[in-house]
Structures are given as structure tokens and as C-alpha cells.
Amino acid sequence: MIVHMRIDNRLIHGQVTVRWVGSLEANHLIVTNDEVADDPIQQTMLPLAARGVKTSVLSIEDTIKHCKEATDKERIMIIAKFPSDALALLENGIEPMEINVGNQAPLPSTKYKMVTKSIAVTADDAKIYRKINEMHHLTSQMLPSDSKKDFIQLIEDKGL
């Protein structure tokens, strides 16, 4: 069961391991991004940051394969580095119970607008977020205790 997908380019950090994993009762974190999965340093370091929670760092293709073969006992939280990673999963039949945008730090040499204090969105990102929202309602929620905000409304309010 995929209990949650978070789009967060910080990947695994304290909010994820302490607040989200506990709130969701997730027992398996999957970080999904092809470049991260191909980086031996991140393959080693990200599970250490997860503070004992089973963690996998997988390509998009391997994430799809794993999720389709997951047992009912697995409570999976997927962390997609970029919105394009999340869209690829959805387009290949992955169905999380919830999707939220947690953090997207600005990338160098991109034209972006800050839609919240921690989420930078480019015009291309906005198109991807709209495609995601066509398949699954997209919210923004930094912590489980925060109220959910309609993410598409946030990007529209910024003229994206």
C-alpha cells in the first residue's frame, strides 16, 4: 500500500523521518529519481538519514516494479525528487493515497517563482503539476499537523 507520495527535492530529512513516517505509520521509504539511484554516495547516505526506517533508493522503473509487487504489509512512503518523477509514477499506474508537494528548492539557472516559502515552481513545473492534478488531487502540506492547501490554487495565485 502506498500511503503517501511527497514531492520534495531535499529527499530524506528530519521532517520526513520524524513527523511524516510516524504520522503515516510508514514502514518503507522509497526515494525515487534515476540520477539519485545511480549515485553510489546517495545510495549509501540516504538510508543512514532515515534513522532506522527501511529505505530504498530506486530508479523510476524499479520503483514502479517494487510498488506493483509490494505486499499488503508494506506501508510505503515515496519521496519523488521532482514533479516529473511523480508524474512518471502516476502515468505507470502507481496510485498513492495522497500526494503533496513538500519542498522544491530553486534550481540554479532556472526562472522560477516562489509559491510558498519553500516551493519554487517554473512554468514547465507548473504544467507537470497540472498533469499530476488531473490524475490525483495535489496538495501542499509541510508537516502532517499543517492544514492542506490546494497546490494548483497556489500556483495559479502566482500567475503560473
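Analyst: Happy to; what follows is a tour of a predicted model, taken topic by topic.

User: Great, let's start with strand 1. Is strand 1 enclosed or open?

Analyst: Strand 1 covers residues 2–8, and seven of the seven are buried, so the rest of the structure largely encloses it.

User: And which strands does strand 1 pair with?

Analyst: There are two to look at. Strand 1 runs parallel to strand 4, residues 76–80, and five bridges join them. Strand 1 also pairs in the parallel sense with strand 5, residues 99–103, over four bridges.

User: Nice. Now helix 5: how many of its residues are buried?

Analyst: Seven of the nine residues in helix 5, which spans 83–91, are buried, and the helix is mostly covered. The buried ones are P83, D85, A86, L87, A88, L89 and L90.

User: What covers those buried residues?

Analyst: The cover includes strand 1, strand 2, helix 4 (60–69), strand 4, strand 5 and helix 6.

User: And what comes after helix 5?

Analyst: G93 follows helix 5, and its phi is positive, near 90 degrees.

User: What about S109?

Analyst: S109 is not a glycine either, yet its phi is positive at about 65 degrees. You'll find S109 in the loop between strand 5 and strand 6 (112–114). With 81% relative accessibility, S109 counts as exposed.

User: OK, pockets. How much space lies in the largest pocket?

Analyst: The largest pocket holds about 200 Å³ of space. Its lining has 13 residues, and T116, S118, S140, M142 and K149 lie nearest the centre.

User: How does that lining divide by class?

Analyst: The lining of the largest pocket has four nonpolar, six polar and three charged residues.

User: You mentioned M142. Where is M142 found?

Analyst: M142 is in the loop between strand 8 and strand 9 (149–150). Its relative accessible area is 23%, so M142 is partly exposed; buried would need under 20%.

User: What does M142 touch, sequence neighbours aside?

Analyst: Leaving aside neighbours within four places in sequence, M142 is in contact with R6, R10, Q15, W20, G102 and S118. R6 is the residue that stands opposite N100 in strand 5, and S118 is among those nearest the centre of the largest pocket.

User: And how far is M142 from M114?

Analyst: The two are 15 Å apart in space, C-alpha to C-alpha, and 28 residues apart in sequence.

User: On to the second largest pocket. What lines it?

Analyst: The second largest pocket is lined by F82, P83, Q104, A105, P106, L107, T110, Y112, A120, T122, D124 and D125. Strand 7 (120–122) and helix 6 (123–135) are the elements that give two or more residues to that lining. About 150 Å³ of space lies in this pocket.

User: And the classes there?

Analyst: Seven residues of the lining of the second largest pocket are nonpolar, three are polar and two are charged. One of the lining residues, P83, is also among the buried residues of helix 5.

User: Last stop, the region after helix 6. Where is H136?

Analyst: H136 is in the loop between helix 6 and strand 8 (138–140). A polar atom of the H136 side chain lies 3.5 Å from the backbone oxygen of M97. Beyond neighbours within four places in sequence, H136 is in contact with P96, M97, E98 and I99.

User: And T139, is T139 buried or exposed?

Analyst: T139 has 10% relative accessibility, so T139 counts as buried. T139 lies in strand 8. With neighbours within four places in sequence left aside, T139 is in contact with I99, N100, V101, K148, K149 and F151. I99 is also a contact of H136.

Technical notes. Residues numbered from 1 in each chain as written. Predicted model: local features only at pLDDT ≥ 70, side-chain atom pairs only at ≥ 80, totals over all residues. Heavy atoms only, no water. 1 Å grid on protein atoms, 1.4 Å probe; cavity = no way out; pocket = protein on both sides within 12 Å on 5 of 7 lines; lining within 4 Å. Points joined across faces, edges and corners; volume = space filled by probe spheres on them. Nonpolar A, V, L, I, M, F, W, Y, C, P; charged D, E, K, R; others polar. Polar contact = N/O pair within 3.5 Å; in protein donor to acceptor, adjacent residues only side chain to side chain. Contact = heavy atoms within 4.5 Å. Buried < 20%, exposed > 50% of the residue type's maximum accessible area, 1.4 Å probe, protein only. Pairing = 2+ DSSP bridges.
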